[in-house]
There are 2 protein chains.
Amino acid sequence: MTSVPALSPVPTLSPATRVRRTPFSDRVEACGVTAYTVYNHMLLATVFRSVEEDYKHLCQAVQIWDVSCERQVEIKGPDAARLTQLMTCRDLSKAKYGQCFYAPLVDEDGGMVNDPIILKLDEDRFWLSIADSDVMLWAKGLARGYNLDAKVFEADVYPLAVQGPKAEEVMATVFGDKVRDIRFFRFEKMAFEGHEMVVARSGWSKQGGFEIYLDRKELALELWDQIWAAGQAFDIRAGCPNAIERVEGSLLSYGNDMTMGTSPFDCGLGKYVNLEADIDFVARDALQREIDQGLQRTICHLLFSEKLNTGVFENWSVFDKAEQQIGKLTSGCDSIRHGAFLAIATIAKEYWQNNETVFVQTPFGSREARIASFPME
Amino acid sequence: MTSVPALSPVPTLSPATRVRRTPFSDRVEACGVTAYTVYNHMLLATVFRSVEEDYKHLCQAVQIWDVSCERQVEIKGPDAARLTQLMTCRDLSKAKYGQCFYAPLVDEDGGMVNDPIILKLDEDRFWLSIADSDVMLWAKGLARGYNLDAKVFEADVYPLAVQGPKAEEVMATVFGDKVRDIRFFRFEKMAFEGHEMVVARSGWSKQGGFEIYLDRKELALELWDQIWAAGQAFDIRAGCPNAIERVEGSLLSYGNDMTMGTSPFDCGLGKYVNLEADIDFVARDALQREIDQGLQRTICHLLFSEKLNTGVFENWSVFDKAEQQIGKLTSGCDSIRHGAFLAIATIAKEYWQNNETVFVQTPFGSREARIASFPME
């Protein structure tokens, strides 16, 4: 058992060119960001006032999020579709312009490389809006090795999210009423200051909202400022993906709940594994073998009976009543909705039984929790 | 020109499983780390007391550095040598067990992917001790695409560095006098608590020292504690790569001074581009083309006439007397040795002339600086 990190005083994050700022960073800092993380070698805000206060505001008003760190890996050229399909187990053959495809990227061992949203911009052009790993390097390696005619690069695109129940009102003020017609996980090109860019109804919260794929950096502050002005009537604040809201909303986080050591099946993403489709992807054999041998693990929520007043900074081991280790807890927080600690864990499939009691080795000792379905009902 | 980041109050770094702790993190925190960065999805300390105080101590005593974030990408199997060579422009054909090979990894466009030290552990087994990018994904992509028989994975290895003029004394106390026989950029297997592990005379400072490639996590705290005890006679402190010492020492940093947008020639690494060798690497055509078309850029130091009381958090543009942009400044600090701001910059080759005056657009306005050779004489 590792000890609790000594977080007082809390270490700061050293600035450096390598930890890239974004076109919106000046505004994020002017709005009083108090904590950052690093995501795809770029700054991502994690807290403004407090995680709890940010949460309550997100659930009732509207926030503007600098999610530039959702880098776009652009794949372009005659073999772009083939290369993109090689990387994911999800069948992209019927993908159409205007759809956002959540797609696990899986390696030849069946391990998850990333879980981007894929946007098909044209027959020969895709954006992979990635989580935190250098997908570009994998794509470049595959393209070179398979001798594919596809260019792979990080596009000069900086997503800005508008999230919360009032997001549509704010977006309609800036982009016009037609933004209301965009359906969930669909995108349209929308004009801003005469420049067309991709706007999707998506975002890493369950409060509703949009993501604007800003592909003209020079418009960044003007875009922020117009959204900010439009949001004044709705108590807009700067915000960021919220640790509590995303766990309550059963949103998985790559690097936390999914890693190269977990398969899409382990993560409850089996519905995106299209082995029945006539498509070529590098993980096919490994994922078929996993099915043939019988799936081993499943993802679940664990609900504790009390608050723990901490986050999860390393995996915590999960045990059954016989003190047998059955899995690991990968994310968690004191849930506001449940009034107790709520977690995401991966456990041996045979142990999955709703409401079953398990024991978690926390930094403060063993604690009881109950298994709950994922996503939570 | 972007504005200076508002760093008061300085944002903290949010802990999360995704930003991995190391087997030494408890000791690093007990020793009072005050700032972190994230490097290869892992914590790396950047400051303990202050960058200046840490610098002075490093230059006169000995420090223990948790550099676990120097992840080891292990390449193993019949095609391991071929795959490793594909990734780098440096001729590895004569690499021998016991040598540390500094090797730029370069993509098919001639852009730098990383600049690891490569350790040949056996004819069919290599470690790439990497800087901050997911080299493993690129290696896996190439291995799959070229259908190579080589396993690529992140080894369970956590480097610990002992750096400073007293490093050899401390190491000899822990590992015995034979550690003194290890030459610069060579490694030997050394026993600790009955377990043999790789110990190299290397490290990311110019003060001398060693890196211990701990490959048995359970020994981490015992190793730290024995070094700590042995160091008491030499005023040992916990430390980390130092922003001032590394710029003064002309040590390049991947992600800062080198990126996928720069070639090894741009970074002054031409001597590691072995186009004359009969070896196969993916960057060959691009690097040959760069030579044929004439090299465009060079790396240099820029020495200012005064201190600036800041670091470099975004590239600063460099101009000649005619206000023509000639390059960009990528790292810099107030040098203690020079009593003025010292930087690393990439400039158009035609402008390289020692002692030439240039103008740098800093966050505080334009400042004069003089070009100095790299590495500094």
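User: In this predicted model, how many residue pairs are in polar contact across the interface of domain 2 of chain A and domain 3 of chain A?

Analyst: The rule finds 9 residue pairs in polar contact there, both partners at pLDDT 80 or more. Salt bridges across that interface number 0.

User: What classes of residue make up the side of domain 2 of chain A that touches domain 3 of chain A?

Analyst: That side has 11 nonpolar, 6 polar and 8 charged residues.

User: What area is buried between domain 2 of chain A and domain 3 of chain A, and what share do carbon and sulfur atoms give?

Analyst: About 1800 Å² is buried, and carbon and sulfur atoms give 67% of it. On the domain 2 side, Leu86(A), Cys89(A) and Met112(A) lose the most area to domain 3 of chain A. Together they account for 32% of what that side buries.

User: Why is His301(B) called buried?

Analyst: Buried means under 20% relative accessible area. His301(B) has 0% relative accessibility, so His301(B) counts as buried. This residue lies in strand β17 of chain B, residues 297-304.

User: What makes the pairing of the His301(B) and Ser250(B) side chains a polar contact?

Analyst: The cut-off for a pair of N or O atoms is 3.5 Å, with one able to donate a hydrogen and the other to accept it. The two side chains make their polar contact at 2.7 Å.

User: Which backbone oxygen lies 3.0 Å from a polar atom of the His301(B) side chain?

Analyst: That of Ala343(B). Beyond its neighbours within four places in sequence, His301(B) also contacts other residues, including Val247(B), Arg370(B) and Phe374(B).

Technical notes: Residues numbered from 1 in each chain as written. Chains lettered and ligands numbered in written order. Predicted model: local features only at pLDDT ≥ 70, side-chain atom pairs only at ≥ 80, totals over all residues. Heavy atoms only, no water. Buried area = accessible area lost by both parts, 1.4 Å probe. Salt bridge = Lys/Arg side-chain N within 4 Å of Asp/Glu carboxyl O. Nonpolar A, V, L, I, M, F, W, Y, C, P; charged D, E, K, R; others polar. Helix = DSSP H or I, 4+ residues; strand = E, 2+ residues; numbered from the N terminus. Buried < 20%, exposed > 50% of the residue type's maximum accessible area, 1.4 Å probe, protein only. Contact = heavy atoms within 4.5 Å.
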